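Have the sequence and the 3D view open as you read.

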Amino acid sequence: MNADRESVIATATDPVVRDFLRMADDSIVAVLPYALSVAGHLAIADQFTDSARSVEHLAQSLNVAPGALERLLRTLASCGFFTDEGEGRFSLTRLGQLLQTDSPVSMRATLSNVESYRAWLGAVDTIATGRPAFDSEFGAGFFAHKDHNDQLGAMFDERMRERASRLYSVLATLPAWKDTHCVLDIGGGKGAVLASILTANPRLSGILFDRPSVVERAELSGELAPLRDRCQVAAGDFFKEIPEGADAHLMCSVLHDWEDEDAITILTRSSESLPADGRLLICEMLLPDSNEPHPAWWSDLGMMVVLGGRERTLDQYRSLLQRAGLHISDVTPLPDSFFSVIEARTSPV
């Protein structure tokens with residue numbers, strides 16, 4: 001590498017950015033997301049058990065070209081997802097379990113997400129117009145696009161389940177649940193977060209609240225099935241009305257989907273539904289007050305391009321909450337996470 005260029009790249013404050021710039025061509029940093037997406041989309045890892053499989057048999061099962069499949073497997077083997085056993089045979093590694101549908105550590109749905117990639121192809125228009133590129137790429141807003149196609153909706157549900165198990169599992173141990181009777185999970189998907197909270201807190205009851213299409217899928221195959229004696233499901237539109245009956249509301253990565261005025265409307269509906277002694281728990285990444293490296297900066301761009309939303313600083317959340325008649329009573333950074341829980345109440349504490 002050119003020594004002058006390397007000295008400039010070395011000034012990047014984020015090591016991920018430094019590594020990307022050192023390899024910013026058609027090498028691993030450009031190709032890896034798409035290779036993993038193809039492997040996930042084809043469910044290649046689901047074809048493996050404890051033994052090696054031949055490329056010929058895999059290609060026949062997957063209805064793909066053997067030569068192309070072998071090149072994909074060989075490349076993914078080079079970084080640890082598969083093992084090349086020689087003579088056209090491959091086996092799945094522990095890392096490769098991330099690509100298996102039924103693995104407890106699965107990230108298959110997350111890694112198969114090509115919709116966001118497509119939206120980013122139009123991101124120049126987002127910068128020019130301020131509107132999410134997803135809408136023009138797909139001819140509909142993000143959630144409307146999911147509601148019009150059950151398969152796409154189910155894939156998004158699975159991505160959110162993977163996200164919940166990866167990022168929010170510690171929510172089940174929050175001290176707030178000790179003096180809570182009923183928690184309403186707003187925008188809770190198929191109930192992965194709520195199920196973990198109810199399982200860890202046997203005296204707690206819950207209500208899962210989401211769009212009708214999501215609630216319908218949750219009732220058919222959600223994680224809440226074993227807990228239905230303590231959990232209800234409710235369908236609706238949180239811009240219009242949020243069900244009553246809970247003394248705590250939970251919103252995990254909900255508000256960052258929306259611009260400020262929409263977020264204030266959601267918070268206002270929550271405030272109207274909560275009892276006088278109730279609380280709202282908001283789990284989001286917070287933008288740092290300084291320009292230090294943080295995933296929230298990248299997520300902020302992603303929200304802008306895909307949904308038209310944004311990440312926010314704590315002060316920005318405080319302003320939104322105040323406009324909705326809510327006041328921050330506590331902020332808890334989650335351990336080993338980039339997320340924090342903002343607790344808000346209807347009366348100042």
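This is a predicted model: local features need pLDDT of at least 70, side-chain atom pairs count only at pLDDT 80 or more; totals for chains, interfaces and linings use all residues.

What follows looks at one helix pair and then at some aromatic rings.

Start with helix α4 (residues 55–62) and helix α5 (residues 66–78): their axes are 9 Å apart, and the two pack at an angle of about 110°. That makes α4 roughly perpendicular to α5, and the crossing is right-handed.

Who touches whom? On the α4 side you'll find V55, E56, L58, A59 and L62, and they meet P66, L69, E70 and L73 in α5. Sorted by class, this contact has seven nonpolar residues, two charged ones and no polar ones.

## Aromatic pairs

The structure holds 11 aromatic pairs. One of them joins Y34 and Y117, a tilted pair with 5.0 Å centre to centre and 55° between the planes. Y34 belongs to helix α3 (residues 28–41) and Y117 to helix α7 (residues 115–121), so this pair ties together parts that are 83 residues apart in sequence. Y34 is partly exposed, at 46% relative accessible area, and Y117 is partly exposed too, at 25%.

Then there's F142 with F156, an edge-to-face pair: 5.2 Å centre to centre, with 80° between the planes. F142 sits in helix α10 (residues 142–147) and F156 in helix α11 (residues 150–167), so here the linked parts are 14 residues apart in sequence. Both F142 and F156 are buried.

## One aromatic cluster

F142 and F156 also belong to an aromatic cluster, together with F134, F138, F143, F238, F239 and W258.

How values were computed: Residues are numbered from 1 along each chain as its sequence is written. Side-chain values use heavy atoms; hydrogens and water are left out. Axes are lines fitted to C-alpha atoms, for helices over the stretch in contact, and angles run from 0 to 180 degrees between N-to-C directions. Helices (H or I, at least four residues) and strands (E, at least two) are DSSP runs, numbered from the N terminus. Angles under 35 degrees count as roughly parallel, over 145 as roughly antiparallel, 65 to 115 as roughly perpendicular and the rest as oblique. A crossing is left-handed if the near helix is turned anticlockwise from the far one by less than a right angle, and right-handed if clockwise. Contact means heavy atoms within 4.5 Å. Ala, Val, Leu, Ile, Met, Phe, Trp, Tyr, Cys and Pro count as nonpolar, Asp, Glu, Lys and Arg as charged, and the others, Gly among them, as polar. Rings of Phe, Tyr and Trp (its six-membered ring) pair if their centres lie within 6.5 Å; planes under 30 degrees apart count as stacked, over 60 as edge-to-face and the rest as tilted. Buried means under 20% relative accessible area, exposed over 50%, partly exposed in between (1.4 Å probe, protein chains only).
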